[in-house]
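Take a look at the chain below before reading on. The text then goes from the overall fold to single residues.

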Amino acid sequence: MTDGRGRPGAADGGQGVPAVFAVAAPLWQAATPPETLTRLYAEEPGPAHLGIAFESTLIRLVSALKGGMAHRS
């Protein structure tokens with residue numbers, strides 16, 4: 001999400017970077033649960049972690065977000 005000169009956010013009115021943060025923050029939390037939840041998942045498989053692959057999922061979501069923002073422009 002850059003303009004033709006590589007400046008982040010310029011081509012999308014400055015909305016791209018905050019949008020990526022909005023997607024990345026909760027995804028990181030889901031992909032890397034804290035130690036307490038990791039122990040809980042080991043003891044109680046019912047609420048087991050989703051096993052989200054952070055990097056590949058983030059790439060897929062940011063690509064979709066970028067496409068949607070480009071379509072909106």
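What follows is a short walk through this model.

This is a predicted model, in which local features need pLDDT of at least 70, side-chain atom pairs count only at pLDDT 80 or more, and totals for chains, interfaces and linings use all residues. Residues are numbered from 1 along each chain as its sequence is written, and side-chain values use heavy atoms, with hydrogens and water left out.

Start with the fold. The protein chain has three helices and zero strands. Here helices (H or I, at least four residues) and strands (E, at least two) are DSSP runs, numbered from the N terminus. Along the sequence the pattern reads α-α-α.

Next, the surface. The protein chain exposes about 5,300 Å². Carbon and sulfur atoms supply 62% of that area. Accessible areas come from the Shrake-Rupley method with a 1.4 Å probe; for residues, only the protein chains shown count as cover. Of the 73 residues in the protein chain, 18% are buried. Buried means under 20% relative accessible area, exposed means over 50%, and partly exposed lies in between (1.4 Å probe, protein chains only).

Contacts come next. A contact means heavy atoms within 4.5 Å. Take the contacts in the protein chain between residues at least 6 apart in sequence: 50% of them join residues at least 24 apart.

Now to a helix pair. Two packed helices are described by the angle between their axes and the distance between the axes. How do helix 1 and helix 3 pack, and at what angle? The angle is about 150°, and the axes are 10 Å apart. Helix 1 is therefore roughly antiparallel to helix 3. The axes are lines fitted to C-alpha atoms, for helices over the stretch in contact, and angles run from 0 to 180 degrees between N-to-C directions. Angles under 35 degrees count as roughly parallel, over 145 as roughly antiparallel, 65 to 115 as roughly perpendicular, and the rest as oblique.

Helix 1 passes helix 3 in a right-handed crossing. A crossing is right-handed if the near helix is turned clockwise from the far one by less than a right angle, and left-handed if anticlockwise. On the helix 1 side, the contact is made by Gly16, Ala19, Val20, Val23, Ala24, Leu27, Trp28 and Ala31. Helix 3 brings Phe54, Thr57, Leu58, Leu61, Val62, Leu65 and Met69.

Look at Phe54, in helix 3. Leaving out residues up to four places away in sequence, Phe54 touches Ala24, Leu27, Trp28 and Ala31. The C-alpha atoms of Phe54 and Leu27 lie 6.8 Å apart, though 27 residues separate them in sequence.

A pair of aromatic rings is described by the distance of the centres and the angle of the planes. Rings of Phe, Tyr and Trp (its six-membered ring) pair if their centres lie within 6.5 Å; planes under 30 degrees apart count as stacked, over 60 as edge-to-face and the rest as tilted. By this rule there is one aromatic pair. Trp28 and Phe54 form it edge-to-face, at 4.9 Å centre to centre and 85° between the planes. The pair links distant parts of the chain, 26 residues apart: Trp28 sits in helix 1 (residues 16–31) and Phe54 in helix 3 (residues 54–72). Trp28 is partly exposed because its relative accessibility is 46%. Phe54 is also partly exposed, at 23%.

Ala31 belongs to helix 1 and is buried, at 15% relative accessibility. Its C-alpha atom is 6.4 Å from that of Ala53, 22 residues away along the chain. Thr57 lies in helix 3 and is buried, at 13%. Beyond its neighbours within four places in sequence, Thr57 is in contact with Leu27 and Ile52. Leu61, in helix 3, is partly exposed at 36%. Not counting residues up to four places away in sequence, Leu61 touches Val23 and Leu27.
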